Amino acid sequence: MGTDEVGRDLFARVLHGIRISLTIAVLAAMAAVAVGTLVGVLAGTLGGKVDAVVMRTTDVFASQNHFLFGILLLVLFRPALGGAGAVMLAVGLTHWPSLARIVRGELMSLRERPFISAAVGGGASRWRLARRHYLPHLMPAVGLAFVLTVPHAVFHESAYSFLGLGLPAHQASLGNIRADGQRSLLAGGWWIALFPGLAILVAAMAIGTLAEYWREHLHPRWGSELEL
Amino acid sequence: MLSAEAITKSFRASSGRVVAVQRASLALESGARLGLVGPSGSGKSTLAQIVAMLLAPDSGSVTIDGDRVRVWGVRCSRELRHRVQLIFQAPRVAVDPRLRVGEAILEPLAASGIAPAGAAERVALLESWAARVGLTRDLLERFPHEVSEGQLQRACLARALALRPRYLVCDELSSMLDVSTQAALLETIAAIQDERELGVLLITHDRVLADTWCDEVADIRELSARDQGEEAVAMRPRDRAARRLRERTPSSDAAPEPF
Amino acid sequence: MTELLEVEELSVGFRTRRGVVQALSQASVTVGRGRLLLVVGESGSGTTVLAHALLRLLPRNVNVSGSVRLGGQELLDLSPAELRRVRGRRMALIPQSPASSLNPVRRLGGQLLEAAQARGLSEQQSRTRLRELLGELGLDLAFVSGRYVHQLSGGMQQRIVNAMALVGEPEIVIADEPTSGLDAELVDTTATQLREISARGAALLVITHDLRLAERLGGRLALLYASRIVEVGPTAAFFAAPAHPYGRELLRALPEREGKSIPGMAPELTALPGHCAFADRCPDRFDRCTESVPDLYPVPDGVLARCFAHAER
């Protein structure tokens, strides 16, 4: 792949970068998904006033420009958590509202189904309903949200790092490499920006495929394959 | 006795409020078979859900063996819950598609914290109930979409009976099933009634079934027309005893009854 | 003289992860012009599959063999374009649960018009035909056009679906479980409507597990058990004196007769035995029953029964 602007081998740097960026992105996405699911399940299970309060709070978070809000969080927490930690927090806290809404929506329709009434009839508490019935049914939606958030998180990390607010410049995150590459473009160093970009794409596809496999094999077929 | 007094329930619909049940009263005695008939849309399912404490009425009361129901839905006390179990019309939507049939049968016990602790005992309990409703062992491992409607409804019956309820409400138990499965389900219920006092409210649109199997049949439209002063539908013990006697001693020269 | 619909040795098997589910094995039935045939069996015995096989509505993982001829024309090897001409115009389906086969967010007028036009009628012709047809079925086109499905009663919904099936003047109408989940009053209405369809000259194939409906409709009856037809004959003969033990035991289960269930369960369609499928539940079984699959043997009064007990005659 050649070398970058200061002579470091680009291939080695990209490989390193993939590892760093993916780790950060996956952890950030997990944080966002965890918060979103928790909030959504809380609102959906408890209903009533709790639901109203929680969802209005979600709206407040969602209405912020999540990029700017992320920058605010970075500025606040970078000294305490370091670059990587702050990025994870920033992405985590800005990406949960949409998932919370999706989860709550799914839950609202799930609650109407007769087997939930049957479970209530059998003596299930709300906690039991959430644990035994809601969460397993939500897993596919949550998994999908996770898969979609990871590449998004990578883009955010690269944007924050480009602005100098994310990982320290010497660390080889894909974002930093791209940032460096951006600067070298004018000088003709097109490859420095290209390969990290490709790496991001491939990483996103790989996670997507993994998620598909997980979904296919770990979950029973719900619809029947035929009707007699 | 399970009694409901002056139950009224209405729902919000696009065209305004719809009254599903209007001042309906009924009384089901222990060990009795009460049939509830009426056309579709007449509020039978709504009344069933209220009596099973899944839905709160707008007004009226439900009393189970002397204890008045004060809390409805998910917050209702477990002990009270276990006294009345409801079986739904369409088994396929009444079980969680992600649970295996065996797991679905034991789920209420597990949810209530009264399932046996040891795995071996759980399996034994499951298999004994499965045998009672006519399910073979291999079916217990399957998912709902891998078994037929009839088998699934047997599982739902086992699920309800495993809680040892005092009253069973069957909301169109077999209208989607063939006659043989219907007969098998009712035979199991009758056998349980022989062993212990189980009151059964059989909700059906099949008038012939209600007339032949139940001790007494009420039309929901008549229930709603009653004023508070009138006697709610009650059992006539004499009739009930006579019918059960007839069942136990089938006469070999009895001709099949005409439709 | 050829019958309108001739099904010969039709076998349908689904390839699934658990093996091949043999839903139909060498089923042969015929329906005459303007005649009524009931196909009776428990859900899971292959009844709905038969309806779908006739209209070629089966999914892709199927093995189909045999022949289905409508007015002499073989249906199983028609191209999709040719099939479209048959479906709806010569052969129509009234599916289970009318409410769920109609679009809930679209007014009925549009749906009815679309159904009529799909049969080749122009818009003007469609409106005329629909007005006429709905009128005969007791509905007013203007009244239903502006409404949505949920605003009509169950009986009216059924009539709409019937109209959609009849608008192309089909030669044969297939009704799949027309009374599933309906209350006694609606069963009455449905039975009447079905008889009206028959009176208009269309042949009628009714798939049902509802024995009372079957008895009311009359005609001829084919009883399905574990993918095979085990009895065929006049409906009245079946209810008076069923020839096959399964039929007999099934009628005994009726609450107004003995209300006695048949012990055991039907065999899995993935593991059909190589002998009479009812043998292990049959109170009259003898040695030959577990050796091979019986043929359909003639029994008095125009009935055929797949039972070795009738083999001698």
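The model is predicted.

**Chain C**

Chain C holds 11 helices and 12 strands. Its radius of gyration is 20 Å, close to the 20 Å that the globule rule gives for 313 residues, so chain C is as compact as a globular protein of that length. The C-alpha trace spans about 65 × 45 × 45 Å along the principal axes of chain C. Of the 313 residues in chain C, 46% are buried. Take the contacts in chain C between residues at least 6 apart in sequence: 64% of them join residues at least 24 apart.

**Where chain B touches chain C**

This contact takes 24 residues from chain B and 24 residues from chain C. On the side of chain B, three helices each supply at least two residues: α7 (149-161), α8 (179-195) and α9 (207-213). The largest share comes from α8(B), with 6 residues. By type, the chain B side divides into 11 nonpolar, 7 polar and 6 charged residues.

**A helix pair in chain A**

Two packed helices are described by the angle between their axes and the distance between the axes. In chain A, the axes of α3 (residues 66-94) and α6 (residues 126-162) come within 12 Å and cross at roughly 100°. An angle of 65 to 115 degrees counts as roughly perpendicular, so α3(A) is roughly perpendicular to α6(A). From α3(A), the residues that meet α6(A) are Gly70(A), Leu74(A), Val87(A) and Val91(A). Facing them in α6(A) are Ala153(A), His156(A), Glu157(A) and Tyr160(A). The residues of this contact divide into 5 nonpolar, 2 polar and 1 charged.

**Confidence in chain A**

Chain A averages a pLDDT of 79, and 86% of the residues score at least 70.

| Helix of chain A | Residues | Confidence in chain A | Mean pLDDT |
|---|---|---|---|
| α7 | residues 174-185 | lowest | 70 |
| α5 | residues 114-121 | highest | 92 |

Which residues of chain A have a pLDDT that stays under 50? They are residues 222-228 of chain A, for which the model has 17 contacts beyond four places in sequence. Where pLDDT is low, the predicted coordinates should not be read in detail.

How values were computed. Residues numbered from 1 in each chain as written. Chains lettered and ligands numbered in written order. Predicted model: local features only at pLDDT ≥ 70, side-chain atom pairs only at ≥ 80, totals over all residues. Helix = DSSP H or I, 4+ residues; strand = E, 2+ residues; numbered from the N terminus. Rg over C-alpha atoms; globule rule 2.2 N^0.38 Å. Buried ≥ 20, exposed ≤ 12 C-beta atoms within 10 Å, placed from the backbone. Contact = placed C-beta atoms within 7 Å. Nonpolar A, V, L, I, M, F, W, Y, C, P; charged D, E, K, R; others polar. Axes fitted to C-alpha atoms, helices over the stretch in contact; angles between N-to-C directions. Parallel < 35°, antiparallel > 145°, perpendicular 65-115°, else oblique. pLDDT = per-residue confidence, 0-100.
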